[in-house]
Amino acid sequence: MPTVELLAPAGNMEALHAAVQNGADAVYLAGSLYGARAFAGNFNREEMLEAIAYCHNYQVKVYVTMNTILYPNEIHEAYEYAKFLHQNKVDALIIQDFGLLELLHKRLPELELHASTQMHAHNLNAIRLLKDAGITRVVVARETPIELIRKMSALGVEIEMFVYGALCVCYSGQCYLSAYQGNRSGNKGECAQPCRLTYELLQDGTPMNTKGNHLLSPKDLNTLSRTQELIESGVSSFKIEGRMKRPEYVGFVTSQYRQAMDQATFKPDITSLQKLFHRGFTEGHLFSKRGFDLMNPVRPNHVGIPIGTVTGYRNKQVFITLSHSLNQQDGIRILGKNDQGFITNRIYKNGLLVNHAEPNDTIAIDCDHYIQKGSTVVLTSDIQQLKQIRNTYQKQQRYFSISAKVTARINHPFSLTLMHGNYQVTVESTELVQMAQKQPLTSPKIQEQLTKTLDTPFLISSIEIDIDKNIFLSLKTINEVRRNSIQLLLAEIAKPQKIIELPYVFDNISSVSQDKLTLHIHTEEQYQALQAYNYPIYTDSYELWKQHPELGYLTSRVNEEDETIPASSTYVRELGQLYINHPNKKGDIYFNITNAYAAYFLFSHNCQSICLSLELSDLQKKDFMKQYQEIYHTVPVVEYPLYNRSELMVSKYCAANTYGTKTQQKHCNLCKQHLYHLKQQNTIYPLQFDHNCMMHILQPEVDNKLQQIKEYQSIGIQSFSIRFTQESTKEVKDIIEQFIKASSV
């Protein structure tokens, strides 16, 4: 059976201890900057050093997440932080930004780099490109099916996959909904989880009858029952999601996977997992789950387990008949139109306060709000379970075996050498070994004293003892040497290392002149309306391109099959297409280009032009242009969309398919028969679907920057695009005329 790493999350120091003590082979965590969970506890520099040393004491690896996009004023600070981590022996960085990849790979060649799932690698060519770019491990998209993961694992780069925890409904790194709704960018680690809100699905303008209104809220991934199958897929690492979760969650889930990975017949404790946190469990896209097998439209939060039913309400007390035991300090929720959550500080049974109740008991708890009879009660926190889990990491239960060598010669110091992996330390006593006058010191007695290490991370499992006969040395001295040697070993493990740092070297890339304006279309009507204008036209519709192969093509944002479209000119929109040697290749907006080094990365992969991320402000665009010219001594060929309805999400989940048919076939064609929208309060989001059955959630309104063309030209941007989605013939012509007028002023 292949050896697979168990990788656990650590949002704070307690969670890190929980992960290590419950069997993690590696942990991933973030510093105070540049991690994709900005609201986790995270680690300042002093805590980071402590965390690295603690893990390395047990030979547990530490991966630090720096998986956000980096603005022009952040990239060099991020480099310096990566350098600090490298000097202090972090085992790898998990990164998203292509500029950080470009900089670190060239300047810190010995630093191991992992591609975050937010790099959006979901096909074989994406893996090949990242491998060539210096990535040693790729965290593949959660949407990747097991059959494709088997092929990825054979490409000579480590594959890391999520096996447990929260799922995003959008491909990671491709979601802009949180930034749009609340100015909190998921690509900056600030996601406000808009997918957990309520939405209506409109079909041809009419609200559909849906099972619940949390239409974008997935269940939680749980693959414990498929562990052995996943091991056989060839992946290198099992990743547990949860840097925002409590330490008890981290500890217990880690222990469950440790057992499942080590014991082929292990049966997971589903009830205990459900009590800790879940939104319902799914095996996810890994095993091609769809519709209600994937999504929980009823509840976006912790479901818990059912423990009883409300049987009455009077005198500001709610009465519950239990089907499960309940303890004082447990957390419960009573489900209804407006859920009510409680900590059971007081439990009444037969009018008396009790600290415990059994199944079939009827109990009362204080409640200021009326609760309807028949309401379901669920347990959301089990105080006894939490205490038991805390014992697994607050009381040390994991040790790392080290070896020792003892030398004792008469009239010489007593010498102890400890060996831990590549580390070796030697400590000698200040007291000299003497000839024994009475009872000599024996090898078993020395071994007994040296193995008293249970208050440390180490067990001395093998000892080579080389001593003279009839020697004497006080036990106090032996104990002192043992303690000093362990302290020296701990210090050596935590000691910074020397690193190789190289100057940044790059190839000169000549600029290629670009069209002043390109047009992007989606429909036949738009194509016909633009025939009178002499601008290059591209389409993201595969069906339309097949009818008009003279068009340029915008490649799919998601394509597991590494599509090859023989278009004469292309906009590439994901890494797999970047790997292919397309003619006249342009980099589209979905690469999240926010700094000069990231732009160069695309240029070095033969892109004739690049588009800046829509998350850049106008001031940051100016900073980008200045930064690129200062570093590369040339003006980059940058395109900016002057008219665009952004795609806020791209999802493998299809709301139309889930609620529009019972057949649940992949190609249901509902999107060709009806017009769909999602409504959130008073905001209506158009839905668009592609030939790969991906659902695209569009921005409600169009960003029209046509009147700002001169401002963008003044900072060096000379190429522009106009991007149509659902516009009519008249709207298309009006917009083109607006551009002609604005550009000629």
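Biologist: Why is Y164 called buried?

Modeller: Y164 has a relative accessible area of 2%, and buried means under 20%, exposed over 50% and partly exposed in between, with a 1.4 Å probe and protein chains only. Y164 is therefore buried. This is a predicted model, in which local features need pLDDT of at least 70, side-chain atom pairs count only at pLDDT 80 or more, and totals for chains, interfaces and linings use all residues. Residues are numbered from 1 along each chain as its sequence is written, and side-chain values use heavy atoms, without hydrogens and water.

Biologist: What makes the pair of Y164 and Y257 edge-to-face?

Modeller: Rings of Phe, Tyr and Trp (its six-membered ring) pair if their centres lie within 6.5 Å; planes under 30 degrees apart are stacked, over 60 edge-to-face, and the rest tilted. By this rule there are 27 aromatic pairs. The centres of Y164 and Y257 are 5.9 Å apart and their planes stand at 75°, so the pair is edge-to-face.

Biologist: Why is F506 called partly exposed?

Modeller: The relative accessible area of F506 is 21%, so F506 is partly exposed. Y632, at 5%, is buried. F506 and Y632 also form an edge-to-face pair, with 4.8 Å centre to centre and 75° between the planes.

Biologist: Why are helix 17 and helix 18 called roughly perpendicular?

Modeller: Their axes come within 9 Å and cross at roughly 65°. Angles under 35 degrees count as roughly parallel, over 145 as roughly antiparallel, 65 to 115 as roughly perpendicular and the rest as oblique. Helix 17 and helix 18 are therefore roughly perpendicular.

Key:
Axes fitted to C-alpha atoms, helices over the stretch in contact; angles between N-to-C directions. Helix = DSSP H or I, 4+ residues; strand = E, 2+ residues; numbered from the N terminus.
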